[in-house]
Structure formats: structure tokens, C-alpha cells
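Open the model in a viewer and keep the selection tool at hand. The stops below say what to select and what is found there.

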Amino acid sequence: MLALVCATLVLAALIAGIGPVLFLGMTGERGFAESLATVLHDAYLHRVLLFTLGQAALSTLLSLLGAVPVARALARRPAFPGRGLIVQMLGVPLLLPALVGVLALVALYGRTGWVASAVATLGGEMPPIYGLGGILLAHVFFNLPLAVRILLRPLEAVPGESWRLAAQLGFSPAQVFRWIDWPVLRRSLPSVAALIFLLCSGSFTIVLALGGGPRATTLEVALYEALRLDFDPSRAAILALLQTLLCIGVGGLLVRLTPPAVPLSLGPGRNGARPDRHLWRTRILDSFWLGGALLFIGGPLLGLIHGGLRGPILAVLWEADLWTAALNSLRLTALAAPLAVLGALGLLLGARRLPTRLRRLVAGLGTLPLALPPIVIGTGWFILFRPLVLAPWVAVALTIALATLMALPYTLRALTPAVAEAAARHDRLCAALGLRGWQRFRLVDFPVLRRALVTALALAAALSLGDFGAVALFGASDTAALPLLLFSRMGSYRFDEAAVIALFLLLLGFVVFWGIEKGLGRDRRA
């Protein structure tokens, strides 16, 4: 019953986002056929659609081209000084607010950044970061670490027998890649490519901040402009429909190309020694890729910290707008993060007693927000609640709901292994003792799930605190959160102040994440 209630709420939220878009697109003033014909014959939208597909494809290709050698280097070197630092650095962009990451890249590669200064000293000139180049750079910055972490797991799971056989046969590094690494990577690359393509095609914050004009605009940014700047709901509805069809259609096509999963090993692959580990060529190559990955990820963060410390710190900290925005962000996080965790927990715990197919359907419903961009769902809510959106409390409620919905897939993923472990360990015992509902959760499930719940809450809090998509559509001047304040300073070219605000947001996110992890995750029995 609990799973059905939570699934109904999620489904109702999604329908409330998609339904008005479809209805308005089909029954607008000009009708669906006329509106669609206008869109299909609009040369500007043709360019927008081609740019959306092109930048997503290029971002996916570049991310994978960098992720494969980095993942192979980490798999080939299971233990070396600094490996833990590199792996931790690969997790930073996954929790970094998009706007903070954009400003970090601008601080390093922008016109006055470190790289541009070094190139100018050598007599060269850096290409502008605004436009396609900057968008690709930002997408690779955020998605290369994600691809590395996904590809590293199957590479580490190659059985030791394979490496012993390769050593006996005298495999060269090229043969190791051809006959061992590539078959493993080939099983994972299509699904990873599908995920990155969906994330890049639905990228809103990065394109809005680095687009640089009409020539570098995606469907989501055009949708945002149609709704917030032109206030043309009919056009926004058609664009939202195209964006939804693009994400679902292309994502479904790429996922269908993924070969069925095949068990890779009976035990951890680190027990076997790779025959290419001790060659000087692979050592040099691995050092190059791992050092490059560390610089690529750590360089922008160092540039952001340096720019923030050099900015007008006291002047920015003295502003009332900063503390008002920080308070609004913390309020949003304090409500959205627990709601996302409770929603994921309700879906998983309530689905345990359902039939297998229905259980998978209910659990899978929580991942649907990944396929439906937040700007599309927000557009539907904006249309549905248009008479009420001007009321501050309605805008705040919609912002919280959208942030909760966007964090739900990540909390679901964080809790799923722990819930499965609790079910495997205690289902029979609880059935024998007649423990159900709240009593089972309090006495049996919670001790097992406690650590996973804290991790899921910290993850949802970090995502909600820096979520720009939720506040961009419904945020007003009196309810502006830190990402919206940061974007306004960047839009007015006050980058010194923006760097301070970005550093403040980064530190606040770290404090919130660390506080939840350490404060709630501490074992109170110790």
C-alpha cells in the first residue's frame, strides 16, 4: 500500500508536468497541427535542434574518449600513492553545483584565467570559453568522472584466470586491450553513452551560462526563454514536447543497443596480476592519463578557490542578499532532501511484498525524472498553476516539489542495495515473528538502513542546495536561492563577486554534506 501511494504521488507529479504540455500543445490558439508546422518550418529551431543533438553527441564522444584510458589506468594500477585522492577527486564533479563548476572553468580557461594568461605569455590567444567550446568543456568536466566510475567497476571485475592466461600467452598491451579490456568495455559503453547523451541533451544550466548567444542554444534553453522571457506557453509546450520525445526516443534507442549483461568473473579481478602492469610504456601512459585527469578536475577547483579568495569577500559577505539567498537555499534543502529520501524509502519498502513485475515497475517509476528534464516538468506545472504562480508560497512549494522530484532517482539508487540486503537477511525472520510495518522498520530495518539513509540524505541535500533548474523557473527576487544569485552576478559580468558567492556555495555544500554524514552517520552506540 505504501509503495502504491508513493508511486501514485510520483506519477501524479509527472503527469501534472507532461499533461498540460501535451494539452496546450494540441489545443492552443493555433492548434497542434499549425503550431507544429510553425515549429518545423522555423529555421531558428532547426539550428537549435541540430545544436542540441550535435553538442550532446560531441560531449558524449569526448567524455568517453577520455574516460576509457583513465578507467583502464586505474584498473591497471590498483595500489599506488595518490590513487585514493584521484578516485575522490573523480567524485567531486558529481556533487558540484553546475553553476559553481561553470564558474570554476571560467576562472581557469576564461579570458582572465590562468590558462589564458599562460597562453598570452607565450604569444598565443585562447579561444573564447563562451559558445560550443565552453559547453563541451563543461560537459566533459562533469561527465568524464561519471563515465570513469561506471567503467572502472567491470574492468576491476575481470577474473584473475584471464590475466594468468594472458601472461602465459605473452599478450602485448594491444592484445590485452583487444581480447580482454575491449569486450568488457563494449558491454558497458552503450549504456554509459546513453546516460551521458541524455544528461548533455537535457543540460540547462551549463548551456544557459556558457551558450554565448542564439548560435549556442539547446531546446531546454529555448523553452526557458519562451516561457520566462517571451511568455509564449504554446511555443513552450511544443518545445517541451520535442525535448521529451528527444530524450525518451534517443535514450531508448541507445539503451536497446546495449548487449545483455554477462557475468564477468567469479571473484574480484584484483587477485590476478595484469601482464601489462610492469611495462615502462604502460607506466608512462597511465601516469599521463591519471595526471591529466587530476589536473583537468582539480585545476578549475583551485582556480575557483583562488578567485574567491582574491575577490571582495568582506563586501559580498556584508550583503543582505547573500544571507537571504543562503537562508532560502537551506530552507529548500531542509524540505526537499528529506522528502526525496522518504519518497525513495516508501517506494522500496512498500514494494517488497508486491509481485516481481509490479515491484520493478514501482521502483522504476522513481527513475523516470532522469528521462524527463526538469525544465519540461516545470513548464507543465507553470502552465497548470499559472494563475497561482505569482503567489510567493506557491512558487516556493513548486520549487521544493521539483527539487524533490529531481533528487528522487539518486536517493533511490543510494538506498536500493541496502534495502535488498535488509530483505535478504531478515524477510524470513520477520515473517516468522509476525513483524510488519512500523515495528519491523523500527526494530529490524532501520539499523541496517541507517547508514544508507544518511548517505542518501547527504546526497539529496547536496543536489538540492545547488539545483539551479528548480529555482530558475519559479524563483522570484524575494525567494531567490544562492544559485539564482550567482547566475545574476555572472550575467552582469561581476565575476569577482560571483567567485566569492560560488566559493561560499561550495563551502556551504561541503558543510551540509559533511555535517549530515558525520552528525547523523555517527554510531551512537559507540
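Axes are lines fitted to C-alpha atoms, for helices over the stretch in contact, and angles run from 0 to 180 degrees between N-to-C directions. This is a predicted model, in which local features need pLDDT of at least 70 and side-chain atom pairs count only at pLDDT 80 or more, while totals for chains, interfaces and linings use all residues. Residues are numbered from 1 along each chain as its sequence is written, and side-chain values use heavy atoms, with hydrogens and water left out.

**Whole chain**

Select the protein chain. Its secondary structure comes to 22 helices and 0 strands; helices (H or I, at least four residues) and strands (E, at least two) are DSSP runs, numbered from the N terminus. Of the 526 residues, 51% are buried, meaning under 20% relative accessible area with a 1.4 Å probe, protein chains only.

**H15 and H21**

Select residues 320–350, helix H15, and residues 482–491, helix H21. Their axes come within 8 Å and cross at roughly 140°, so H15 and H21 are oblique to each other. On the H15 side, show Asp321, Leu322, Ala325, Ala326 and Ser329; they meet Leu482, Pro483, Leu485 and Arg489 in H21. Contact means heavy atoms within 4.5 Å. The residues of this contact divide into 6 nonpolar, 1 polar and 2 charged. Ala, Val, Leu, Ile, Met, Phe, Trp, Tyr, Cys and Pro count as nonpolar, Asp, Glu, Lys and Arg as charged, and the others, Gly among them, as polar.

**H3 and H13**

Next select helix H3 (residues 43–76) and helix H13 (residues 280–310), whose axes come within 9 Å and cross at roughly 120°. That makes H3 oblique to H13. Pro69, Val70, Ala73, Leu74 and Arg76 in H3 meet residues of H13, namely Thr282, Asp286, Trp289, Leu290 and Ala293. Here the contact residues divide into 7 nonpolar, 1 polar and 2 charged.

**Leu96**

Last, select Leu96, in the loop between helix H4 (83–95) and helix H5 (98–109). Is Leu96 buried or exposed? Leu96 is buried, with a relative accessible area of 7%. Not counting residues up to four places away in sequence, Leu96 touches Gly101, Phe141, Phe142, Leu301 and Leu506. Leu506 is 410 residues from Leu96 in sequence, and their C-alpha atoms are 7.5 Å apart in space.

Notes
Angles under 35 degrees count as roughly parallel, over 145 as roughly antiparallel, 65 to 115 as roughly perpendicular and the rest as oblique. Buried means under 20% relative accessible area, exposed over 50%, partly exposed in between (1.4 Å probe, protein chains only).
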